[in-house]
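Please have the sequence and the model at hand while reading.

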Amino acid sequence: MPDIPVGAQVFDLAFHPNQSLVFAGLLTGIVKAFSYDEQGNHEEKFSVRPTKRSCRTLAVSADGSQLWAAGKAKAIHTIDVETGEVVETRAAAHDVTINRMKRLQPHLLASGDDDGVIKLWDPRKPDAVRKYTHHFDFISDFMYLNDKKQLVATSGDGTLSVMDIRSKKMEPVAQSEDQEDELLSILPIKGGQKIVVGTQIGILSIFNRKSGWDDCVDRIPGHPASIDALCAIPSRYPNSQSTILTGSSDGILRAVQLFPTKLLGVVADHGEFPIERIAVDMNGEGRWVGSVGHEEVLKLTDLQEIFEDGGEEDNDEDGGEGDEDADSDEEQTKQTTDPTTSAKVPTDDESADEVDKGQVDSSDEEQPQPAKRKRKKEQDPLLAGRRKKGKNEVEAEPAFFADL
């Protein structure tokens with residue numbers, strides 16, 4: 001689809017949950033809506049300017065009838081999607097610039113500002129229903145865990161925190177140790193059992209909910225610049241539980257598979273402009289992924305062209321990874337036993353000389369039969385040089401993005 005010109009730098013984008021409609025929040029404070037179709041045609045539906053200050057974040061109601069916009073004006077504006085008009089303004093919703101918002105439930109909205117303050121709002125009520133002040137730097141992203149009714153927030157202070165939205169306590173139920181880097185984005189994988197966090201130095205940090213929130217269990221290097229945005233792919237594609245989209249400040253939108261770590265390809269290229277936000281339409285199950293950066297355009301990229309070619313082959317090779325336990329993906333055995341001889345069969349890491357030197361046991365006095373040598377398989381160049389992994393450990397080539 002051709003790039004959609006918007007006329008100013010884009011800070012955030014959001015999709016209507018069930019219509020081909022995308023919203024963009026601009027540096028000038030303008031909020032624009034565009035309709036689009038599968039042929040790549042697009043049309044501006046409305047343009048409204050709730051404030052002259054920049055619009056940093058957007059959120060859409062569950063039914064798509066309302067759009068919330070916030071930013072440097074410290075207010076939360078409610079826009080009627082049907083008419084394109086501002087129907088309500090919550091002035092001074094925060095004391096400083098609002099950096100991030102997320103709808104959690106039909107009548108619950110979360111907002112986070114540059115001072116690390118998080119507030120929960122019921123759109124039907126004028127005041128915030130809850131306020132958290134445990135972070136001391138900007139709130140970069142939100143994630144909602146529906147099974148535990150928990151809100152997870154990442155912050156520029158190097159920590160993430162977990163809040164139970166059912167509790168009336170003004171403190172989190174858990175907060176991680178200082179990760180010694182700004183945490184910029186967050187996304188659940190493996191059915192919500194593992195959490196991926198993008199950092200300022202380009203490392204993907206993996207948290208395991210079974211292990212608690214104190215510290216990450218894996219760190220995956222490879223991105224040459226900060227990972228400002230993360231997004232899941234539609235569930236209909238192979239390995240969707242372990243494949244993510246990453247938006248980096250080097251301007252590249254990548255498709256990356258985790259466990260094992262593999263770069264699947266470049267989805268979109270914003271050139272020299274950093275990517276601020278990425279999202280998939282139709283509640284994450286659509287065809288188009290939208291990405292915005294510091295240039296004055298909104299990119300919509302067709303995911304079918306990226307994932308449907310060769311998708312069945314990848315699924316067969318992985319052997320139905322999504323049906324296995326999350327931790328079993330990270331453990332690989334390097335030795336097998338031949339059930340007919342109870343003899344150890346050499347793996348790729350064992351040389352044929354070790355077999356000839358009598359590594360095969362035999363209780364007979366006669367000359368033992370030489371063990372059959374296992375033909376070595378051609379190694380995937382992205383997986384070459386891998387050593388045996390332990391539980392919750394991932395090893396990636398330090399420069400598997402170097403060619404980009």
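For residue classes, Ala, Val, Leu, Ile, Met, Phe, Trp, Tyr, Cys and Pro count as nonpolar, Asp, Glu, Lys and Arg as charged, and the others, Gly among them, as polar. The model is predicted: local features need pLDDT of at least 70, side-chain atom pairs count only at pLDDT 80 or more, and totals for chains, interfaces and linings use all residues. Residues are numbered from 1 along each chain as its sequence is written, and side-chain values use heavy atoms, with hydrogens and water left out.

**Second largest cavity**

- The structure holds two cavities of 30 Å³ or more (a cavity is a set of points on a 1 Å grid over the protein atoms alone where a 1.4 Å probe fits but cannot get out; lining residues have an atom within 4 Å of a point).
- The second largest cavity contains about 50 Å³ of space (the volume filled by probe spheres set on the points, which are joined across faces, edges and corners).
- Its lining divides into five nonpolar, five polar and two charged residues; among them are Pro50, Arg53, Cys55, Lys72 and His77.
- Strand 7 (residues 66–71) supplies the largest share of this lining, three residues (strands are DSSP runs of E, at least two residues, numbered from the N terminus).

- Four strands form an open sheet in the order 22-23-24-25, with antiparallel pairing (two strands pair if DSSP finds at least two bridges between them).
- Strand 22 (227–232) and strand 25 (262–269) are the edge strands, each pairing on one side only.
- Strand 23 (residues 243–248) and strand 24 (residues 252–257) run antiparallel and are joined by five bridges.
- Thr246 has Arg254 of strand 24 as its bridge partner.

Definitions and conventions:
1 Å grid on protein atoms, 1.4 Å probe; cavity = no way out; pocket = protein on both sides within 12 Å on 5 of 7 lines; lining within 4 Å.
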